[in-house]
Amino acid sequence: MDKDTLGHLSSLEASELLKENPEAKLIDIRSSMEFLFIGHPSHSIHIAWMEDPDWDINPNFYKEIHQIQIASTNNNCPIILICRSGNRSEKAGLELIEEGMKHIYHIKDGFEGDLDENHQRGNLNGWRYNGLPWEQC
């Protein structure tokens, strides 16, 4: 992946990147309610990109992510974004790239995965579906 473009990873690929690179950070960008009540990847950092009830974009999102990245040992650790299905994380990742950040990835199947033929999540793909470590508060 070019460091100046958004990387697209499956949840399994993201898990491998996190294992291979201890500097990489997994950022769960879902709302606080999603993070707390639906569950979240173990060891993820929660920074909401948008927050309910109004779904306004977090004005400090870039600053908070940037602080995590520059605080790393190499000052440019990979940042991996995850949301429910990959839609918000892709948009948030593109926003970070536009702001000049590098080494930004998003998990294209998200935490809960794509909708199945019954319009339900969690039956086709995603972090939980793949049995990757997660927890619920």
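Let's start at one pair of residues: in strand S8, the bridge partner of Ile 79 is Ile 104. Ile 79 sits in S7, and S7 and S8 run parallel, joined by 3 bridges. Before going on, a word on the source: this is a predicted model, where local features need pLDDT of at least 70, side-chain atom pairs count only at pLDDT 80 or more, and totals for chains, interfaces and linings use all residues. Residues are numbered from 1 along each chain as its sequence is written, and side-chain values use heavy atoms, leaving out hydrogens and water.

When I say helix or strand, I mean a DSSP run, numbered from the N terminus: helices are H or I with at least four residues, strands are E with at least two. Two strands pair if DSSP finds at least two bridges between them.

Now follow Ile 79 the other way. In S7, Ile 79 is the bridge partner of Lys 25, and 4 bridges join S2 to S7, again in parallel. Next along, S2 (residues 25–28) is joined to S4 by 2 bridges, also parallel, and there Ile 27 has Ile 45 as its partner.

So what is the order of the 5 strands in the open sheet? The order is S1-S8-S7-S2-S4, with parallel pairing. S1 (7–9) and S4 (45–46) stand at the edges with a single partner strand each, so one side of each has no neighbour in the sheet.

H1 (residues 11–20) lies across S1, S2, S7 and S8, at about 105° to S1. H3 (residues 61–70) lies across S2, S4, S7 and S8, at about 140° to S7. Those angles run from 0 to 180 degrees between N-to-C directions, with axes as lines fitted to C-alpha atoms, for helices over the stretch in contact.

Which residues of H3 are buried? They are Phe 61, Ile 65, Ile 68 and Gln 69. Buried means under 20% relative accessible area, exposed is over 50%, and partly exposed is in between, with a 1.4 Å probe and protein chains only. These four cover an arc of only 100° around the axis, so they are on the same side of H3; the arc is that of the directions from the helix axis to the C-beta atoms. The buried residues of H3 pack against S2, S4, S7, H4 and S8.

Back to S7, where Ile 79 and Leu 81 point one way, Ile 80 and Ile 82 point the other, and all are buried. That brings us to the cores. A nonpolar core is a set of buried Ala, Val, Leu, Ile, Met, Phe, Trp, Tyr and Cys residues joined through side-chain atoms within 4.5 Å. The largest has 18 residues, and among those touching the most other members are Ile 79, Leu 81 and Ile 104. H3, S7 and H4 (87–98) each give two or more residues to this core. Apart from it lies another core, of 12 residues, among them Ala 14, Leu 17, Ile 80 and Ile 107.

Last stop, a loop residue. Ser 31 lies in the loop between S2 and H2 (32–38). Is Ser 31 buried or exposed? Ser 31 is buried, with a relative accessible area of 1%. Not counting residues up to four places away in sequence, Ser 31 touches several residues, including His 46, Trp 55 and Arg 88, where contact means heavy atoms within 4.5 Å.
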